[in-house]
Amino acid sequence: MTTIIIIVVLAVIVVAYISIYNGLVKMRTNAQESWSQIDVQLQRRNDLIPNLVQTVKGYSNYEAKTLEKVTSLRQQISELPADAHQEKMAVSDKLTGALNSLYAVAENYPDLKASSEFSKLMEELSNTENKIAYSRQLYNSTVAAFDARIQTFPANIVAGIHHFTKLDYLQVPEEAKANPKVDFSDLN
C-alpha cells in the first residue's frame, strides 16, 4: 500500500514538474514571438520609407537633410543584430521623430499633402507606428508574465534548474518621458 502511495506521489511530482517546465518554455516562446512581431512591424515601416522618400523628393528639393536622416536611421535599424532589442527601439524612436519631421515638411507643400500616393503612404506608416506601439506593449506584457512566473514557487525551482533567466523590458527613453514644451502664447 505504501509503495502505491509513493508511486502516485512521485507520478504527481513528475507530471507537475513537466507541466511547469513546458509552461515556462511556452511563456519564453511567447515573449520571443512578441519581439518577432515588433521586428515584423519595423521591417514593414522600413519597406514603406523608400516609397515615402521618393514621393517627397518629387515635390521638394529643399528637404534633403530630413530625407537623409530618415534613410540613415532606416539603414541603422536594418544593420542592428536581431537580439539588440533596446538599441533597435532607441533607433526606432529616433526614426519616428524623423518621420514626424517629414510629416511637418508636407505641411509646407500643399500639392504633396493633396497627393493620393503621399496620403496612402502616410496612412500606412501611421497604422504601422500604431502596430509597433501595440507590439511593444504586448512584448512587455509577455515579459512581465514570464518574469513573474520564473520567480514564483514552485516554478522558480524548475526555472533555476533549467537556467531560465529574466527577460528585459523595452524601456522608454528618458527624453520621451519628459513633459512636452508647448507654447500657448499664440492663442491670445
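Phe146 and Phe164 are both buried (under 20% relative accessible area; over 50% is exposed, in between is partly exposed; 1.4 Å probe, protein chains only). The model is predicted, with pLDDT of at least 70 needed for local features and 80 or more for side-chain atom pairs, while totals for chains, interfaces and linings use all residues. Numbering starts from 1 along each chain as its sequence is written, and side-chain values use heavy atoms, without hydrogens and water.

## Exercise 1: The fold

State how many helices and strands the protein chain holds.

**Solution.** 
- Step 1. Helices are DSSP runs of H or I with at least four residues, strands are runs of E with at least two, and numbering goes from the N terminus.
- Step 2. The protein chain has 7 helices and 0 strands.
- Step 3. Read from the N terminus, the order is α-α-α-α-α-α-α.
- Step 4. Of the 188 residues in the protein chain, 30% are buried.

## Exercise 2: Two packed helices

Describe how helix α1 and helix α3 pack.

**Solution.** 
- Step 1. Two packed helices are described by the angle and the distance between their axes.
- Step 2. Axes are lines fitted to C-alpha atoms, for helices over the stretch in contact, and angles run from 0 to 180 degrees between N-to-C directions.
- Step 3. For α1 (residues 2-59) and α3 (residues 85-107), the angle is about 30° and the axes are 12 Å apart.
- Step 4. Therefore α1 is roughly parallel to α3 (under 35 degrees; over 145 is roughly antiparallel, 65 to 115 roughly perpendicular, the rest oblique).
- Step 5. Now list the contacts (heavy atoms within 4.5 Å). From α1, the residues include Trp35, Ile38 and Leu42. From α3, they include Met89, Leu95 and Leu99.
- Step 6. Sorted by class, the contact of α1 with α3 has 10 nonpolar, 4 polar and 3 charged residues. Nonpolar covers Ala, Val, Leu, Ile, Met, Phe, Trp, Tyr, Cys and Pro; charged covers Asp, Glu, Lys and Arg; the others, Gly among them, are polar.

## Exercise 3: Aromatic pairs

Find how many aromatic pairs the structure holds, and work through two of them.

**Solution.** 
- Step 1. Rings of Phe, Tyr and Trp (its six-membered ring) pair if their centres lie within 6.5 Å; planes under 30 degrees apart are stacked, over 60 edge-to-face, the rest tilted.
- Step 2. The structure holds 3 such pairs.
- Step 3. Trp35 and Tyr139 are edge-to-face, at 5.8 Å centre to centre and 70° between the planes.
- Step 4. Trp35 is in helix α1 and Tyr139 in helix α5, so this pair ties together parts 104 residues apart in sequence.
- Step 5. Trp35 is buried at 5% relative accessible area. Tyr139 is buried at 4%.
- Step 6. The ring centres of Phe146 and Phe164 are 6.2 Å apart with planes at 55°, so this pair is tilted.
- Step 7. Phe146 sits in helix α5 and Phe164 in the loop between α6 and α7, 18 residues apart.
- Step 8. Tyr21, Phe146 and Phe164 form one aromatic cluster.

## Exercise 4: Backbone exceptions

Which peptide bond is cis, and is His163 buried or exposed?

**Solution.** 
- Step 1. Most residues other than glycine have a negative phi, and most peptide bonds are trans.
- Step 2. The bond from Phe153 to Pro154 is cis, with omega near 0°. Pro154 lies in the loop between α5 (116-151) and α6 (155-161).
- Step 3. His163 has a positive phi, near 60°. His163 lies in the loop between α6 and α7 (174-177).
- Step 4. His163 is exposed, because its relative accessibility is 66%.
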